[in-house]
Amino acid sequence: MSAAPIKFYQVGSFAIGNRLLSPEDRSIQSDPERTNALTSGHRACQGCGEALGARYALDAAMRATDDKIIAVNATGCLEVFSTPYPESSWRIAWLHSLFGNAPAVATGVAAALKAQGKSDIRVIGQGGDGATVDIGFGALSGMFERNDDVLYICYDNEAYMNTGVQRSGATPPAARTATTQAVGENPGNVFGQGKNLPRIAMAHEIPYVATATVADLRDLEAKVIKAMSFRGARYIHVLVPCPLGWGSESCDTIKIARLATQSGLFPVFEAESGEVTSSTPIRHRVKVEEYLKLQIRYSHLFSPNRRDDVIDLLQATADKNISRYNLIPDESGSI
Amino acid sequence: MLRQVEGSKAVADTVAACRPQVICAYPISPQTHIVEGLSQLVKNGSLDGCEFINVESEFAAMSVAIGASATGARTYTATASQGLLYMVEAVYNASGLGLPIVMTVANRAIGAPINIWNDHSDSMSQRDSGWIQLYAETNQEAADLHVQAFKIAEDLSLPVMVCMDGFILTHAYERVDVPERSQVDKFLPPFVPRQVLDPNNPVSIGAMVGPEAFTEVKYMAHMKNQLALEVIPKVARDFQKAFGRSSGGLVRGYKLDGADTVVIALGSILGTIKDVVDEMVAADIAIGVIGIIAFRPFPTDVVRTALSHAKRVIVLEKAFQVGIGGIVIENVRASLRGSSTKDYTVIAGLGGRPITKDSLRQYLNRACVDGVEDLTFLDLDQELADSEILREVW
Amino acid sequence: MEKPFAITLSVNSSLANHTGSWRVEKPEYVHRMPPCNNACPAGENIQNWLYIAEDGSYEAAWRALILENPFPAIMGRVCYHPCQSVCNRAELDEAVGINSVERFLGDHAIEKGWSIPPPTVESGFKVLVIGAGPAGLSAAYHLRSMGHSVTVRDATHAPGGMMRYGIPKYRLPREVLDAEINRIKDMGVQFEMNTRVDDVHEALNEGFSAVFLAIGAQLSKRAYIPASEAARILDAIKVLHDVEEGNQPLLGRKVVVYGGGNTAMDVARTAKRLGAEEAIIVYRRTRDKAPANDEEITEALEEGILVKWLSTVKHVDEKSMQIEKMALDADGYPQPTGEFETLEADSLILALGQEVDFSLLGNSADIDTKDGVMPVDSTMMTTHPGIFAGGDMIPAERTVTTGVGHGKKAARNIDAWLRKTVYEKIDNNDLVTYEQLNTWYYTDAPHIVRERLEATRRAKDFSEVVKGLDESNALYEARRCMSCGNCFECDNCFGVCPDNAIIKLGPGKGFEINLDYCKGCGICVSECPSSSIMMVPDK
């Protein structure tokens, strides 16, 4: 009998674990001794994508640094549900200051550590899309521009969820929010020019920029670990579906994130020093409709009248991403 | 070392002597010379183990300071005017988190209309922020107060604002005995943070506190601030022992013995006031002066005692509350509660308008015979203002 | 460190907040019925033994397999694997090659000499099994495992029944057959060969407490075909039997086989191997209606067997025969067309199906037969108490695997009957459908095709046509299994829970829900690849 090593396993890299893999090849989340940077008892809604994304990312960062991390958190859901007095869900050194200043506070932490000669302790800034692309944007840009030694992670759920689902600069076109209601001739959010923060981050030519979703843990973990191998400013943008704000089933959080990637609406890629270095190919391409129809925030595109004009525009966005990031390599050539 | 030096430079060198570990700043006049000086010291290597961060806004400056301080670094920043207002959210946050940051405010007016010159509108706007506020009368005191500020801040885990008049002090060349690092080292021990972000002993700083405990948190902040009324004089006494000169403390009285009339003020104007008072005393007018150094916490009891024999109090202020009048006077009245002492407010020096000895003398002479209104704007062009009001409003 | 009141909190303190109280539904780990298991006539727990095999624990996998079926090496060759026809993986890419993994495990066991230990406790009951075919041997094996003393009687001289006398050795090498039967012998089962039972009632008087009848269907069905004196007409079963016994039948250069079942294919292919230049199958219906397994038809065609679909034999002469073409009517039934053709042929082999020989019932009428088969009740018992029956002689599909399943089922019921209890089968009707799986997580992997002997070479001798998988291929194939309805420890639930409310119990132990914190969001259920977690109402 041949004893050739078997490279195939029942489930591949998309599953959290695989009992057949050697321990060193397993995901961090599959480890029963994982650190659970964000532990049980937090008050996130059922099926919260942000809670998941934060634990995924921070556990990976802890693994990469031998647990030596300090996290600075912007105001928002993640902060509120994790630290209502008298209970904290964090297992890491953690600081919340304000809504719009997490990147700058993180810079301060990094500066203090440098001054104290504690270069082994690494700093993470984190916040939602409002904190990142809107109110904290200036601070983030400053942190990027100075190339401060901070990994900033944006958990993007595409609106101000903590305050009751209002539009943010990251809210996609046509999406219903409390301030972009599904009424009038053009219901939902406007078709603006978009505020693509990963690309803005790339424009700062910082060492590392990546996008990820909660639907692909291995990818997210690998990117966090890779990010921790760089010094200087790094940015990871993680799509985290929000059942409450998107009007989706709590059990569909990961599915929706997956559809976002497989439709091309959310391109998953990484970039170094301003240049895209890789993108995650779409495995089973779906029409944007498959993604949209699971979310009440887009329900006005399907009833009472189907808005093919709007759906087509959103499909065009996805198609543009597919070609821009080479998400279907056979179709559009190399990057 | 006694040097003929610009106020800003004296402060910069003093701050450097305090061995800060993180300095961050955003340029705004008239604070710029201080951080320019510090940036040079960091860059040329004479401020070892210190990170100097050029931030993109004052909001970021205070935010960087918050992060650095929470990580156990002795942290310094400086600002003024619009800059202070731009960082206000973070100013409150720093005190709420109990972070012993020291910040110089090079006092300047607030626009609009934009005005770069001195008054106290900026720091006075932050009197409720939970910071300790110290006002320097001279550049010597400005320098000395920074040494004391770090000590007070770190003893209490509270941030301290050292206010010095923009341009009048910051840009003035005077003889200053600039504290040396070796002297400061004896006075100011290394920073031992009360709470610190440490992966080996992690805590969660900055929780959300609801109605069930918010009042207690705020009461405790008040009481802690009150503790400074003990700590500030003690630090001043210790400073005097260490440096051989008197600086700081809560208030400083001048010719109060037998004074019927007491003038109260903050900052550099006290020098001019004392000159005028000297002349008036020489003319047998029973007048004295109280300089308030610690405006927050307000030394209510100390002021009450100092005013116990006064028949009238005149508060000269470089800021005011639109719609009511003086700010400091409101605080002083708390010290006058139950007494029959009359009080007058004179708003002076707004937006850098010179406060001349002549104007001051005329006003005080009238005030000493109760010949002034409750609220006076010194050297106001009344005619101009009246006609413009008439034109705009009626 | 002095922590400021309320503003600074101790880490991990939210564990005091039991968010489980938010829940209205809770997830529950379940074991559901995979379609393969459900379809297996032998009742194999296929998903389970594939799961065990996936990490290379071949002996454990083999031992799990033989709990249900003692013949994996045989099954891996002759089973028509209905499991694969229903495999959910077929909708993703291609069905898992269950049969090839089964064969690998069976061959591996033979190679390693793994044996089955005799029972540790003897029950004291004696059971007679009549017929050493798949059903009888399976019953004997299971009954022996349960501690009963088992005697197998068969009229032929070597055990195996149709596995030996019906299935040609190019499909089932005899050393494989012997190895798996010998293992049963080694458990202490007594074989009395060359012993025809003429009266089953007499056997009961020999001290057997129960009898299992599994004599198969040995009699070839006849059809009236006008033929000249010199016409050479043979019976397929007899031909195959003779070949097995080493008696080469005289078939001539051109052979016509009449019938469309597996036996027709087998005998045509055998004829080729015996030297016939041409072997032509004549069948009255179309290929898709032919009862033969499609793989067997394909293999036969590959070997150069000719087939005349929609044709009947009308007349047989010495060197030729007349064929009438048929046409399908509106209902899809073949009807004569009156159009004839003449085929040159030296012999005609009839393969029109088999019937049961009930002569062993003796003159007793207390065992009912009906429509040429013997009905049994749900416990496999005939109308005579203590006499059970299975295999081709009862109404069921006539395949080896079905017979093996009958043997098992009968053994369990005989055991219960002997012990005066009732065998209660735990039914699991919770069949897993493809739509219930989350197939995103399975690695894309097409099925491995087993190597086949080159067609031109294989038709010349009796070498085994289909080759086995090597270890790496077998492992690959096993790992293609999606474990429908049964946890295979992919850790998805453990990873995707936003509330860390899944407890990982360790290898082989699965997971538990920590109901203190589970908010009932259901992500674990959605993201379970194999549909092994279900939401249930929480009281």
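Me: Hi! Which residues of H7(C) are buried?

Reply: Hello! In this predicted model, the buried residues of H7(C) are C:Ile98, C:Asn99, C:Ser100, C:Val101, C:Glu102, C:Arg103, C:Phe104, C:Leu105, C:Gly106, C:Asp107, C:His108 and C:Ala109.

Me: And why is H7(C) described as largely enclosed by the rest of the structure?

Reply: Because twelve of its 15 residues are buried.

Me: What do the buried residues of H7(C) pack against?

Reply: Several helices of chain C: H1 (35-39), H2 (46-53), H3 (58-66), H4 (72-78), H5 (82-86) and also H17.

Me: How far does H7 of chain C reach from its first C-alpha to its last?

Reply: Helix H7 of chain C covers residues 98-112 and reaches 21 Å, close to the 21 Å expected at 1.5 Å a residue.

Me: Nice. Which residue follows H7(C), and is its phi positive or negative?

Reply: C:Gly113 comes after the helix, and its phi is positive, near 70 degrees.

Me: How is chain C divided into domains?

Reply: Domain 1 takes 16-31 + 487-537, domain 2 takes 126-158 + 193-219 + 357-418, and domain 3 takes 221-354. The centres of domain 2 and domain 3 of chain C, taken over C-alpha atoms, are 32 Å apart.

Me: And chain B, what are its domains?

Reply: Chain B has domain 1 (2-243) and domain 2 (251-390). Their centres, again over C-alpha atoms, are separated by 28 Å. Domain 1 of chain B brings 26 residues to the contact, and domain 2 of chain B brings 20 residues.

Me: Which elements give two or more residues on the domain 1 side?

Reply: For domain 1 of chain B, they are helix H6 (121-124), strand E6 (132-135), strand E7 (160-165) and helix H9 (214-243). H9(B) gives the most to that side, with five residues.

Me: Last one: how does that side split by class?

Reply: The side of domain 1 of chain B that touches domain 2 has 14 nonpolar, eight polar and four charged residues.

Definitions and conventions. Residues numbered from 1 in each chain as written. Chains lettered and ligands numbered in written order. Predicted model: local features only at pLDDT ≥ 70, side-chain atom pairs only at ≥ 80, totals over all residues. Domains from an automatic or database assignment. Helix = DSSP H or I, 4+ residues; strand = E, 2+ residues; numbered from the N terminus. Expected span 1.5 Å × (residues − 1). Buried ≥ 20, exposed ≤ 12 C-beta atoms within 10 Å, placed from the backbone. Contact = placed C-beta atoms within 7 Å. Nonpolar A, V, L, I, M, F, W, Y, C, P; charged D, E, K, R; others polar.
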